[in-house]
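Please look over the sequence and the fold before reading on. The paragraphs below take you through the parts one at a time.

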Amino acid sequence: MGIHVPIPMAVARFNRYVTNRVTRLFTGWLPGFCILRHVGRRSGRLYRTPLNIFQCDDGFVIALTYGADVDWLKNIMAAGECSMTYLGREIPLTRPRFIGTEEGMSHMPLPVRIVLRIIGVTDFVHLKRA
């Protein structure tokens, strides 16, 4: 896993405080999106983060479009678990692990792979269904 950050952190901050508040209203019901529920590693507070997510045989894969230095990822790695609302259902997830570019891309639809390659995404995280 590299330290490459495909999308600038200023965009991430804007999304965190503006876009996410709106998208939380519907992302748990749309295909390809989820609301990830995770507990702050220091605060113990429950967070809800809207994300793009892709199914695989034993779980789900998330492309790290802002890189690996994001709080939601640090929280789930520290806890070793989280849950998500996906297509209106609550799904517990466990054993987050980083996966490489080729493995991660293999779970993405072709149009998504093209966009991810253009913006330089190289890091992914895999979560197993609990």
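What follows goes from the core to a helix, then to a hairpin and some backbone angles.

This is a predicted model, in which local features need pLDDT of at least 70 and side-chain atom pairs count only at pLDDT 80 or more, while totals for chains, interfaces and linings use all residues. Residues are numbered from 1 along each chain as its sequence is written, and side-chain values use heavy atoms, with hydrogens and water left out.

In soluble globular proteins, nonpolar side chains tend to be buried together. A nonpolar core is here a set of buried Ala, Val, Leu, Ile, Met, Phe, Trp, Tyr and Cys residues joined through side-chain atoms within 4.5 Å. Buried means under 20% relative accessible area, exposed means over 50%, and partly exposed lies in between, with a 1.4 Å probe and protein chains only. The largest nonpolar core has 19 residues, and L36, W72, M84 and L93 touch the most other members. Two or more residues of this core come from each of β1 (33–39), β4 (59–63), α2 (71–79), β5 (81–86), β6 (89–99) and β7 (124–129). These helices (H or I, at least four residues) and strands (E, at least two) are DSSP runs, numbered from the N terminus. Another core, of 10 residues, lies apart from the largest one and includes F54, V61, M108 and F124.

Now take helix α2. Its buried residues are W72, L73, N75 and I76. Seen down the axis of α2, they fall within an arc of 160°, so they line one face of the helix; the arc is that of the directions from the helix axis to the C-beta atoms. An α-helix has 3.6 residues a turn, so residues three or four places apart point the same way. The cover over the buried residues of α2 includes β1, β2 (46–52), β4, β5, β6 and β7, where contact means heavy atoms within 4.5 Å. Leaving aside residues up to four places away in sequence, W72 touches L36, H38, T49, L51, I62, L64 and V125. After α2 comes G80, with a positive phi near 75°.

β1 and β2 pair in the antiparallel sense over 7 bridges; two strands pair if DSSP finds at least two bridges between them. I35 stands opposite P50 in β2. The hairpin of β1 and β2 has 6 residues between the strands, and G44 there takes a positive phi near 75°.

Most residues other than glycine have a negative phi. L87, in the loop between β5 and β6, has a positive phi near 50°, and is partly exposed at 38% relative accessibility. R95, in strand β6, also has a positive phi near 50°, and is exposed at 55%.
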